[in-house]
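Thanks for coming, everyone. I'll walk you through one structure today. Please bring it up on your screens.

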Amino acid sequence: MQALFDRLGPGRDTSVTVAVTDMEWLESLSPWPTGGFGTERMRELLDRLGNPQRTFEAVHVVGTKGKSTAARRIARTIGGAAYTSPHVAGWHERLDTDEAGFERALARVRAPAEELGATQFEVLTAAAFADFAARSVTAAAIEAGLGGRLDATNVIDARVVLLTNVALEHTDVLGDTREQIAAEKLAVAGPDATVVLPDAEFAHLVAHPTIGGAREAAEAFLGHAVDLADASLPGRLEVRGDEVRDGAHTPAAVDWLLARLPGAERRDYVVVASILGDKDADAILERLARAGRLLVATRSSNERALPAGEVAERGRPWFDAVEAVEDPHTALRRARTLGPRVLVTGSLYLLADISREA
């Protein structure tokens, strides 16, 4: 930079404008709103984009665990696209497109999003809706980000809403009980929407409940019986030979994982875990110890992640041996030397950090 100033010479304008790429801009944005959650800014952004959310019909997927996979499978079944979060392999994963398609979608919304000071999640949601409209998508499965009532995705008038399950999460925003959290999530359902619930526990919260899962949601949308299409996403019970990667980040999610983890009863997995500071780390680690006796604690790149040392200390009551390795890549390599099988879990952000490692 000094060489550039020297060439300009004395008395010349030495200010340098550095262009910020769309991806750099996106990654600089906060995912959290500074003024509280709500849909007002999101509605204004979509209005400036011509309200692309009105060009397709949707299934709205809410819940604690399994939303992304359910959304992808529903989208494939109804012949549409899925909007999911967070991503593991790359930002494009969220918009059900490739990297070039994602960059086009982002460029489409940047100018009005910058003017309004949109959050990262609002930008991504608007980009998805605008991209679906540009691609002439007529049916979509939309995964809610946090909760439902105040989530940026709660700007669509979905004919069908699927609740996957409810566990205690984000209690500072969503409420202290499962009932309160369910009410926040199910608030996305309009008066005429068909709401598919995993069981009858929260049926009293909606007008038109039916019991089922992703297949029943697709059937309600299409109006006839279907076989649910297969679909997968990185980091969701992803089996790579003797290595399993899953983003279980709540005690209930770990219970779900353990019920499906190949050979979990042998307890011979080396567990690699990173946990965010707002999660119930003690309960998560107690459950993960049922899969293996060795823990390699690490820290994802997410700013809310606990230090590796703290995860290690909180895991010591449950594991026979514990190591703290701050760098996720080094932690994974270390775990592979300690046992025959490895389980990488605790946070999708951790899986995103190591996603390009074989």
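Let me start with a question: in which hand does α5 pass α6? The crossing is right-handed. Keep in mind throughout that this is a predicted model.

Let's stay with that pair. Helix α5 covers residues 99–116, and helix α6 covers residues 120–134. They pack at an angle of about 115 degrees. Their axes are 8 Å apart. On the α5 side, the contact is made by Gly101, Phe102, Ala105, Leu106, Arg108, Val109 and Ala113. On the α6 side, look for Val123, Leu124, Ala126, Ala127, Ala130, Asp131 and Ala134. Sort these by class, and you get eleven nonpolar residues, one polar and two charged.

Now step back to the whole chain. The secondary structure comes to 14 helices and twelve strands. How does the radius of gyration compare with the globule rule? The radius is 22 Å, close to the 21 Å that the rule gives for 358 residues, so the chain is as compact as a globular protein of that length. Along its principal axes, the C-alpha trace spans about 70 × 60 × 35 Å.

Next, the sheets. Take the one that contains β1. This is an open sheet of six strands. Read the order as β2-β3-β1-β4-β5-β6, with parallel pairing. Which strands stand at the edges? They are β2, residues 81–83, and β6, residues 209–211. Each has a single partner strand, so one side of each is left without a neighbour in the sheet. On average, neighbouring strands here are turned by 20 degrees against each other, direction ignored.

Strand β4 is residues 160–163, and strand β5 is residues 194–197. Three bridges join them, in the parallel sense. For Leu162, the bridge partner in β5 is Val196.

Six strands form an open sheet, in the order β7-β8-β12-β9-β10-β11. The pairing here is mixed. At the edges you find β7, residues 238–240, and β11, residues 321–324, each pairing on one side only. Neighbouring strands in this sheet are turned by 20 degrees on average, again ignoring direction.

Which helix packs on this sheet? Helix α12 does, residues 308–315. It touches β9, β10 and β11. The direction of α12 makes about 170 degrees with that of β11.

Strands β7 and β8 run antiparallel, joined by three bridges. Val239 stands opposite Val244 in β8.

Helix α10 is residues 251–260, and helix α11 is residues 281–288. Their axes come within 9 Å and cross at roughly 10 degrees. The two helices are therefore roughly parallel to each other. Their crossing is right-handed. From α10, the contact uses Pro251, Val254, Asp255 and Leu258. From α11, it uses Ala283, Ile284, Arg287 and Leu288. By class, that makes six nonpolar residues, no polar ones and two charged.

That's the tour. Over to you for questions.

Technical notes: Residues are numbered from 1 along each chain as its sequence is written. This is a predicted model: local features need pLDDT of at least 70, side-chain atom pairs count only at pLDDT 80 or more; totals for chains, interfaces and linings use all residues. Side-chain values use heavy atoms; hydrogens and water are left out. Two strands pair if DSSP finds at least two bridges between them. Helices (H or I, at least four residues) and strands (E, at least two) are DSSP runs, numbered from the N terminus. Axes are lines fitted to C-alpha atoms, for helices over the stretch in contact, and angles run from 0 to 180 degrees between N-to-C directions. Contact means heavy atoms within 4.5 Å. Angles under 35 degrees count as roughly parallel, over 145 as roughly antiparallel, 65 to 115 as roughly perpendicular and the rest as oblique. A crossing is left-handed if the near helix is turned anticlockwise from the far one by less than a right angle, and right-handed if clockwise. Ala, Val, Leu, Ile, Met, Phe, Trp, Tyr, Cys and Pro count as nonpolar, Asp, Glu, Lys and Arg as charged, and the others, Gly among them, as polar. The radius of gyration is taken over C-alpha atoms; the globule rule is 2.2 Å times the number of residues to the power 0.38.
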